[in-house]
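Visitor: I would like to learn how to read a fold, feature by feature. Could you walk me through one?
Guide: Gladly; let us look at it together.

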Amino acid sequence: MAAHLPSRSRGGRRGASVRARVALALAVALAGLLAGCSLRAERCEVCERDIHPQVRATLTLGSGRQLAACCPRCALHYGQENSGAVRSIAVKDYASGELLPLERAWLVEGSDVTPCLHLPPLRDDSGASLHLCYDRCMPSLIAFRDEAASRAFLAEHGGTVLGPGGAGR
Ligand SMILES: [Zn+2]
Ligand SMILES: [Zn+2]
C-alpha cells in the first residue's frame with residue numbers, strides 16, 4: 001500500500017502539470033482573443049461608435065492631432081461642427097482598404113450599406129428609407145478610389161455617386 005503511494009503521488013503531479021499547461025494554453029488563447037477583440041472594437045473618437053474597418057476615416061486636425069472616425073460622414077460632420085479645426089480627412093477605399101484623401105474619393109451617398117447603424121434602415125411601403133431622427137452617420141457615405149467600383153457598388157446597393165470633392169463640405 002505504502003509502496004504505491006509515491007507512484008500515485010507522481011501521477012498526481014503529472015496530472016497537475018498537464019492541467020497547468022492546459023490552463024496556460026487557455027490563458028494564452030484568451031489573451032489572443034482579447035487582443036483581437038480590442039482591435040475589432042476600435043471606437044470612433046468623435047461619436048464613440050465601433051469603427052467598421054472598411055469605412056474608417058482619419059481626421060487630421062490643424063494641431064497635427066489625428067482622430068479616428070467611424071465613417072466619412074461622421075468625419076465630415078465633425079468638420080462642419082468644428083469649423084476650421086480639420087486640416088484633412090483620409091478615407092478608405094471600400095474595395096481595397098487603401099487610404100486616400102477624401103477629396104480624391106468617389107463617394108456613394110445613401111446606399112443600403114450602413115455600417116455605423118446597428119439596424120438596417122427602416123423602409124416604408126414603397127421601399128424608400130425612413131430617417132426618423134438625425135443620425136450623424138446618415139445618409140451613409142462609402143468611399144472608393146475608382147469611379148467604376150463606385151458605380152458597381154451603386155448598382156447593387158443604391159444611392160447616389162458623388163465625384164471627387166463632391167462630399168458637400
Ligand atoms: Zn463616428
Ligand atoms: Zn459613422
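This is a predicted model: local features need pLDDT of at least 70, side-chain atom pairs count only at pLDDT 80 or more; totals for chains, interfaces and linings use all residues.

Visitor: How many helices and strands does the chain have?
Guide: There are three helices and nine strands. Along the sequence they follow the pattern α-β-β-α-β-β-β-β-β-β-α-β.

Visitor: Which share of the residues counts as buried?
Guide: Of the 169 residues in the chain, 25% are buried. As for contacts with a separation of 6 or more, 63% come from residues 24 or more positions apart.

Visitor: Let us turn to the sheets. What holds strands together in a sheet?
Guide: The general idea is that strands of a sheet pair through backbone hydrogen bonds, and the pairing is either parallel or antiparallel. Here, one open sheet has four strands in the order S2-S1-S3-S4, with antiparallel pairing. Its edge strands are S2 (66-69) and S4 (99-101), each of which pairs on one side only. Neighbouring strands in this sheet are turned by 25° against each other on average, direction ignored.

Visitor: How many bridges join S1 to S2?
Guide: Four bridges join these two antiparallel strands, S1 and S2. One of the pairs sets alanine 57 against alanine 69 in S2. S1 and S2 also form a hairpin with four residues between them, and glycine 64 in the turn has a positive phi of about 95°.

Visitor: And how many bridges does S3 share with S4?
Guide: S3 (residues 86-92) pairs with S4 over three bridges, again in the antiparallel sense. Lysine 92 has leucine 99 in S4 as its bridge partner.

Visitor: What is the strand order in the open sheet of three strands?
Guide: That order is S8-S5-S9, and the pairing is antiparallel. S8 and S9 (160-162) are the edge strands, pairing on one side only. The twist from one strand to the next averages 25°. Between S5 and S8, which run antiparallel, there are four bridges. In S8, isoleucine 142 is the bridge partner of valine 108, and phenylalanine 144 is that of tryptophan 106.

Visitor: Which helix lies across S5, S8 and S9?
Guide: That is H3 (residues 147-157), which runs at about 15° to S5.

Visitor: Where does H2 lie?
Guide: H2 (residues 72-81) lies across S1 (57-61), S2 and S3, and runs at about 175° to S3.

Visitor: Why is H2 described as largely enclosed by the rest of the structure?
Guide: Count the buried residues: seven of the 10 residues of H2 are buried, so the helix is largely enclosed by the rest of the structure. They are Pro72, Arg73, Cys74, Ala75, Leu76, Tyr78 and Gly79. Their cover includes S1, S2, S3, S5 and S8.

Visitor: What tends to happen to nonpolar side chains in soluble globular proteins?
Guide: They tend to be buried together. In this model, the largest nonpolar core has 30 residues, of which Ala69, Cys71, Cys74 and Ile142 touch the most other members. Two or more residues of this core come from each of S1, H2, S3, S5 (106-109) and S8 (141-144).

Visitor: What does cysteine 74 touch?
Guide: Leaving aside residues up to four places away in sequence, cysteine 74 touches Cys44, Val46, Cys47, Ala69, Cys116, Arg136 and Cys137.

Visitor: Which way do the residues of S8 point?
Guide: Leu141 and Ala143 point one way, Ile142 and Phe144 the other way, and all are buried.

Visitor: Now the loops. Where is cysteine 47?
Guide: Cysteine 47 sits in the loop between H1 (4-40) and S1. Cysteine 47 is partly exposed, with 16 other C-beta atoms within 10 Å; a buried residue would need 20 or more. Beyond residues up to four places away in sequence, cysteine 47 touches Cys70, Cys74 and Arg136. The C-alpha atoms of cysteine 47 and cysteine 70 are separated by 7.9 Å, with the two residues 23 apart along the chain.

Visitor: And where is aspartate 112 found?
Guide: Aspartate 112 is in the loop between S5 and S6 (122-123). With 14 other C-beta atoms within 10 Å, aspartate 112 is partly exposed. Serine 140 is 28 residues away from aspartate 112 along the chain, and their C-alpha atoms are separated by 8.0 Å.

Key:
Residues are numbered from 1 along each chain as its sequence is written. Chains are lettered from A and ligands numbered from 1 in the order in which they are written. Two strands pair if DSSP finds at least two bridges between them. Axes are lines fitted to C-alpha atoms, for helices over the stretch in contact, and angles run from 0 to 180 degrees between N-to-C directions. Two residues are in contact if their C-beta atoms, placed from the backbone, lie within 7 Å. A nonpolar core is a set of buried Ala, Val, Leu, Ile, Met, Phe, Trp, Tyr and Cys residues joined through C-beta atoms within 7 Å. A residue is buried if 20 or more other C-beta atoms lie within 10 Å of its own, exposed if 12 or fewer, and partly exposed in between; C-beta atoms are placed from the backbone.
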